[in-house]
Amino acid sequence: MTGTGNDSESGVAAFEDSLDYVTVTVGGQLLGLPIARVQDVFIATRVTPVPLAPSEIVGLINLRGRVVTAICMRRRMGHVDAYAAPAGADGRELTAVGIDQGGEAFALIVDTVGEVMRLSRTTFEPVPIHLDRAWSALAKGVHRLDDRLLVVIDVDAVLNIELPIAA
């Protein structure tokens, strides 16, 4: 075998030229969450509602002794068919993706979690101008796949929920 090390160098270059996402679906749309932002994936079986919270906040979850704020991605993205009742209220389980930001824990409630996808940076495109306004405010860009569009989610924008001002 007469290797010069170029294979490992080209492998590193390919890794640096790629973007990794945890894929999820919300309302039939494929979304990509940057893998570096995802802490875990879990099923929420009991959510405690928070009175007077914005509609996007489903409630609070006790996850291994840590209080986690659950955010409904359907509501956050403007879907009218959002999850109506908290998990446990009607026996439903909610699929959640755990995210940490600034020492706070959040759970993004999604329809399904798919696979981890590695895509080339060269296929990343800016947010299309015709994308729904609510969606484009939460997106960093897109990847055009063979049969569908992967919308890359801006996790910071998702977590930036307008809180009502107390009187």
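Trainee: What pLDDT does the protein chain average?

Mentor: This is a predicted model, in which local features need pLDDT of at least 70, side-chain atom pairs count only at pLDDT 80 or more, and totals for chains, interfaces and linings use all residues. Residues are numbered from 1 along each chain as its sequence is written, and side-chain values use heavy atoms, with hydrogens and water left out. On pLDDT, the predictor's confidence in each residue from 0 to 100, 80% of the residues score at least 70, and the protein chain averages 85.

Trainee: Which strands are the edge strands of the open sheet of five strands?

Mentor: Strands (E, at least two residues) and helices (H or I, at least four) are DSSP runs numbered from the N terminus, and two strands pair if DSSP finds at least two bridges between them. The open sheet has the order S3-S6-S7-S5-S4, with mixed pairing. Each edge strand pairs on one side only, and these are S3 (38-44) and S4 (57-63).

Trainee: Which residue in S5 stands opposite Leu60?

Mentor: Strand S4 and strand S5 (residues 66-72) run antiparallel and are joined by six bridges. In S5, the residue opposite Leu60 is Thr69.

Trainee: How many residues apart in sequence are the parts that Asp156 and Arg37 tie together?

Mentor: A salt bridge here is a side-chain nitrogen of Lys or Arg within 4 Å of a carboxyl oxygen of Asp or Glu, and the side chains of Asp156 and Arg37 meet in one at 3.0 Å, N to O. Because Asp156 lies in helix H4 (residues 155-159) and Arg37 in the loop between strand S2 (29-34) and S3, the pair ties together parts whose separation in sequence is 119 residues.
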